[in-house]
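Colleague: Please take me through this entry. I want the cut-off behind each word you use.

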Amino acid sequence: MQHSEFARAEKILLGLRDSYPDDPTLWGALSDLYLKAARPREAIPVLDAARARTPDDLRVWIGLAQAHLA
């Protein structure tokens, strides 16, 4: 993402998510990518899935607020 290669970063993160669907660290990176790429509508389902798994994680709620605000 440092070089604005959002498509490449997204492909890598989606592949990791497919390989490790229970890894909670991937939602943050993927939703952050979508927000930085001005694609908040794609961040919302990622964050909703994270909220279902970790409803007490405030980072998920903050991410959802940022996505809806964008």
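Colleague: At what angle do α3 and α4 pack, and how far apart are their axes?

Modeller: The angle is about 160°, and the axes of α3 and α4 are 9 Å apart. Axes here are lines fitted to C-alpha atoms, for helices over the stretch in contact, and angles run from 0 to 180 degrees between N-to-C directions. A caution on the source: this is a predicted model, where local features need pLDDT of at least 70 and side-chain atom pairs count only at pLDDT 80 or more, while totals for chains, interfaces and linings use all residues. Residues are numbered from 1 along each chain as its sequence is written, and side-chain values use heavy atoms, with hydrogens and water left out.

Colleague: What makes α3 and α4 roughly antiparallel?

Modeller: The cut-off does. Angles under 35 degrees count as roughly parallel, over 145 as roughly antiparallel, 65 to 115 as roughly perpendicular and the rest as oblique. The α3 and α4 angle is about 160°. Therefore α3 and α4 are roughly antiparallel. The crossing of α3 past α4 is left-handed. Left-handed means the near helix is turned anticlockwise from the far one by less than a right angle; clockwise would be right-handed.

Colleague: Which residues of α3 and α4 make the contact?

Modeller: From α3, P40, A43, I44, L47, D48, A50 and R51 take part. From α4, the partners are V60, W61, G63, L64, A67 and H68. Contact means heavy atoms within 4.5 Å.

Colleague: How do you know that the 12 residues of α4 span what is expected?

Modeller: First, what counts as a helix: a DSSP run of H or I with at least four residues, while strands are E runs of at least two, all numbered from the N terminus. The expected span is 1.5 Å times one less than the number of residues. Helix α4 covers residues 58–69, and its first and last C-alpha atoms are 16 Å apart, close to the 16 Å expected.

Colleague: Which residues are buried in α4?

Modeller: V60, G63, L64 and A67 are buried in α4. They cover an arc of only 100° around the axis, which puts them on the same side of α4. The arc is that of the directions from the helix axis to the C-beta atoms. Buried means under 20% relative accessible area, exposed over 50%, and partly exposed in between, with a 1.4 Å probe and protein chains only. The cover over the buried residues of α4 includes α2 and α3. On the face turned away, L58 and L69 are exposed.

Colleague: Now α1. How do you know that its buried residues line one face of the helix?

Modeller: The buried residues of α1 are A9, E10 and L13. Seen down the axis of α1, they fall within an arc of 100°, so they line one face. Exposed on the other side of α1 are A7, R8, K11, D18 and S19. What covers the buried residues of α1 includes α2 (25–36) and α3 (40–53).

Colleague: Why does E10 count as buried?

Modeller: Its relative accessibility is 14%. That is under the 20% limit. Beyond its neighbours within four places in sequence, E10 is in contact with L33, Y34, R39 and E42. E10 and L33 are 23 residues apart in sequence, yet 7.3 Å apart in space, C-alpha to C-alpha.

Colleague: What makes A29 partly exposed?

Modeller: A29 has 32% relative accessibility. The value falls between the 20% and 50% limits. A29 lies in helix α2.

Colleague: What makes α1 roughly antiparallel to α2?

Modeller: Their axes come within 10 Å and cross at roughly 155°. That makes α1 roughly antiparallel to α2. The crossing of α1 and α2 is left-handed.

Colleague: At what angle do the axes of α2 and α3 cross?

Modeller: Roughly 160°, and the axes come within 8 Å. Therefore α2 and α3 are roughly antiparallel to each other. The crossing of α2 past α3 is left-handed. W27, L30, S31, Y34 and L35 of α2 meet P40, E42, A43, V46, L47 and A50 of α3.

Colleague: Where is A38 found?

Modeller: A38 sits in the loop between α2 and α3. A38 has a positive phi of about 60°, although it is not a glycine. Most residues other than glycine have a negative phi. With a relative accessible area of 63%, A38 is exposed.
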